Structures are given as C-alpha cells and as structure tokens.
Amino acid sequence: GFPPETEVYRKKVTEYNWDKETDGLTVEIILEKVENIRGPGHDGYYTGRCPSCAAKGVEAGQIWDDDSSHFRFNPEDMVIHCFAGCSRFDIVGAIK
C-alpha cells in the first residue's frame, strides 16, 4: 500500500524546508557539483570537499584541501555544515 498520510506530510515539509534553506538546491545538484562526495552514510549524511573552501583556494591560487575543508550535509535534518567555518550562504553560493 500507501505510506501513512503523516509520513507523506513529513516528507513534503522536509523537502519544502530544505528548498528554503538551500535556495532551491536539490540533493542531485549538490552531488553533481561537490568534489569527492560520498554518502549517504548510516546517519544520512553526505560528506565531501566544501565548495566554498575550494573556491577560496582557487582565488588564492593554492590548493585548499585538508581535513578541515570538508563539509557534511543531510537534507532530512536540514544540515549543511563546513568544518572550516564557511557559512551555509557561502556554500550554497559556491555551488550555484
């Protein structure tokens, strides 16, 4: 059968909130644009090279690719996080 109505509603709300948080980025776009992406892991998180850190490295003429320049995202938990401290807006802007 069909999933329960509350499950369908929860999924729609999650998709709507993720769309708002990421300015319309889909998981598919993120997977296509982010380098070294892997996941989702058992916790639902995808991990990869932070696109904002990568852009900063290109601007500075250097490779910006140590462990602290990676990020994680989880569309269900609405988390998009850079371990080096880039803001969500910087990450979304670098992907777009």
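Biologist: Let's start with a detail. Where is methionine 78 placed?
Modeller: Methionine 78 sits in the loop between β2 and β3. Keep in mind that this is a predicted model.

Biologist: What is its phi like?
Modeller: Methionine 78 has a positive phi of about 55°, although it is not a glycine. Most residues other than glycine have a negative phi.

Biologist: And is methionine 78 buried, partly exposed or exposed?
Modeller: Methionine 78 is partly exposed, with a relative accessible area of 32%.

Biologist: Which asparagine also has a positive phi?
Modeller: That is asparagine 36, with a phi of about 55°. Asparagine 36 is in the loop between α2 and β1, and its relative accessible area of 48% makes it partly exposed.

Biologist: What about peptide bonds, which one is cis?
Modeller: The bond from glycine 39 to proline 40 is cis, with omega near 5°. Proline 40 belongs to the loop between α2 (27-33) and β1 (46-49). In general, most peptide bonds are trans.

Biologist: Let me step back to the overall layout. How many helices and strands are there?
Modeller: The protein has 4 helices and 3 strands. Along the sequence they follow the pattern α-α-β-α-β-β-α. Of the 96 residues, 31% count as buried.

Biologist: And the confidence, what is the average pLDDT?
Modeller: The average is 82, and 84% of the residues score at least 70. Among the elements, helix α4 (residues 88-95) has the highest mean pLDDT, 91, while helix α3 (residues 51-60) has the lowest, 75.

Biologist: Switching to cysteines: how many disulfides do you count?
Modeller: The count is 0.

Biologist: What does its side chain reach?
Modeller: The asparagine 74 side chain reaches the backbone nitrogen of glutamate 76 at 2.9 Å. A polar atom of that side chain also lies 3.1 Å from the backbone nitrogen of aspartate 77.

Biologist: And where does proline 75 lie?
Modeller: Proline 75 lies in the loop between β2 and β3 (79-82). With 15% relative accessibility, proline 75 counts as buried. Its C-alpha atom is 8.1 Å from that of tyrosine 45, which is 30 residues away along the chain.

Biologist: Last topic, the largest pocket. Which residues lie nearest its centre?
Modeller: Those are Lys11, Thr14, Glu15, Pro75 and Glu76, out of 13 lining residues. So proline 75 and glutamate 76 turn up again here.

Biologist: How much space is in there, and which helix gives the most to the lining?
Modeller: About 260 Å³ lies in the largest pocket. Helix α1 (residues 5-21) gives the most to its lining, with 6 residues. By class, the lining has 5 nonpolar, 3 polar and 5 charged residues.

How values were computed:
Residues are numbered from 1 along each chain as its sequence is written. This is a predicted model: local features need pLDDT of at least 70, side-chain atom pairs count only at pLDDT 80 or more; totals for chains, interfaces and linings use all residues. Side-chain values use heavy atoms; hydrogens and water are left out. On a 1 Å grid over the protein atoms alone, a cavity is a set of points where a 1.4 Å probe fits but cannot get out, and a pocket is an open set with protein on both sides within 12 Å along at least five of seven lines; lining residues have an atom within 4 Å of a point. Grid points are joined across faces, edges and corners, and a volume is the space filled by probe spheres set on the points. Helices (H or I, at least four residues) and strands (E, at least two) are DSSP runs, numbered from the N terminus. Ala, Val, Leu, Ile, Met, Phe, Trp, Tyr, Cys and Pro count as nonpolar, Asp, Glu, Lys and Arg as charged, and the others, Gly among them, as polar. A disulfide is a pair of cysteine sulfur atoms within 2.5 Å. pLDDT is the predictor's confidence in each residue, from 0 to 100. A polar contact is a pair of N or O atoms within 3.5 Å; within protein, one must be able to donate a hydrogen and the other to accept it, and residues adjacent in sequence count only if both atoms are side-chain atoms. Buried means under 20% relative accessible area, exposed over 50%, partly exposed in between (1.4 Å probe, protein chains only).
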